[in-house]
Amino acid sequence: MKNEYITGAMIKRLREEKTLTQSELAEKIFVTDKAVSKWETGRGYPDISLVEALAKALDVSVIELLSGENVINTNRACNMKHLNFYVCPVCGNIIQTTGEAVISCCGITLPPLEAENEDSAHQVKIEVMEDEYFVSVDHEMTKTHYISFIAAVRSDGVEIKKLYPEQNAEARFKISGTNQIFFYCNQHGLYKVDAGKRK
């Protein structure tokens, strides 16, 4: 991580929001007020060893401090309309949120994925089998190109089925409450379909 990602304007704004003087902030992280002044005016940067202490003193996460953006999630209750998926390109970790967030995995800050409507190369089939949807994607499942997961989104939550290369791209989900199906291609990104219109 580069300490140059920490902007002086960010440090100043956060310090002022906490109504701290430069001297008070300096005292909290065991540096001089001249050091804080240099950071805020862009004439210097905090040493990387100070990042964690600086973030704690300013009451933000290290990721927020390094990215130059602090996130205030106004979504205080779970709202599936604000659903976001994140996938780590290094380890394949799948993270899902129901509001704005700063997400990091394997040292990388992840952007929220933008879901597209299915296209000719990414078609999903949804069949009704008793009280379940049987969802399948006609897609290759090789080690280099595959569907990583299929997810059912309901008004009260998300159910994610993790998939792996060399298995079928299919999953079963309870019909009750399911309104959208998402699936993720490791090369082309996230897709979505309206489950109710595909019955």
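This is a predicted model: local features need pLDDT of at least 70, side-chain atom pairs count only at pLDDT 80 or more; totals for chains, interfaces and linings use all residues.
## A three-stranded sheet

Let's begin with the open sheet, where three strands line up in the order β6-β7-β10 with antiparallel pairing. The edges are held by β6 (124-129) and β10 (170-174); each has a single partner strand, so one side of each lacks a neighbour in the sheet. From one strand to the next, the twist averages 25 degrees.

Six bridges join β6 to β7 (residues 132-137) in the antiparallel sense. Have a look at Met129, which stands opposite Glu132 in β7.

## Helix α1 and its two faces

Helix α1 covers residues 8-17, and its buried residues are Gly8, Met10, Ile11, Leu14 and Arg15. Viewed down the axis of α1, these buried residues fall within an arc of 160 degrees, so they line one face of the helix. Ala9 and Glu17 are exposed on the face turned away from that buried side. After α1 comes Thr19, with a positive phi near 50 degrees.

## Aromatic contacts

The model holds four aromatic pairs. In one of them, the ring centres of Phe149 and Tyr184 lie 5.8 Å apart with planes at 10 degrees, so the pair is stacked. This pair links distant parts of the chain, as Phe149 belongs to β8 (residues 147-154) and Tyr184 to β11 (residues 178-185), 35 residues apart. Both Phe149 and Tyr184 are buried. Phe183 and Tyr191 are stacked too, at 5.4 Å centre to centre and 20 degrees between the planes.

Phe85, Phe149, Phe182 and Tyr184 come together as one aromatic cluster. Elsewhere, the charged end of Lys162 sits over the ring of Tyr164, 4.9 Å from its centre.

Technical notes: Residues are numbered from 1 along each chain as its sequence is written. Side-chain values use heavy atoms; hydrogens and water are left out. Two strands pair if DSSP finds at least two bridges between them. Helices (H or I, at least four residues) and strands (E, at least two) are DSSP runs, numbered from the N terminus. Axes are lines fitted to C-alpha atoms, for helices over the stretch in contact, and angles run from 0 to 180 degrees between N-to-C directions. Buried means under 20% relative accessible area, exposed over 50%, partly exposed in between (1.4 Å probe, protein chains only). The arc is that of the directions from the helix axis to the C-beta atoms. Rings of Phe, Tyr and Trp (its six-membered ring) pair if their centres lie within 6.5 Å; planes under 30 degrees apart count as stacked, over 60 as edge-to-face and the rest as tilted. A charge sits over a ring if NZ of Lys or CZ of Arg is within 6 Å of the ring centre and within 35 degrees of the ring normal.
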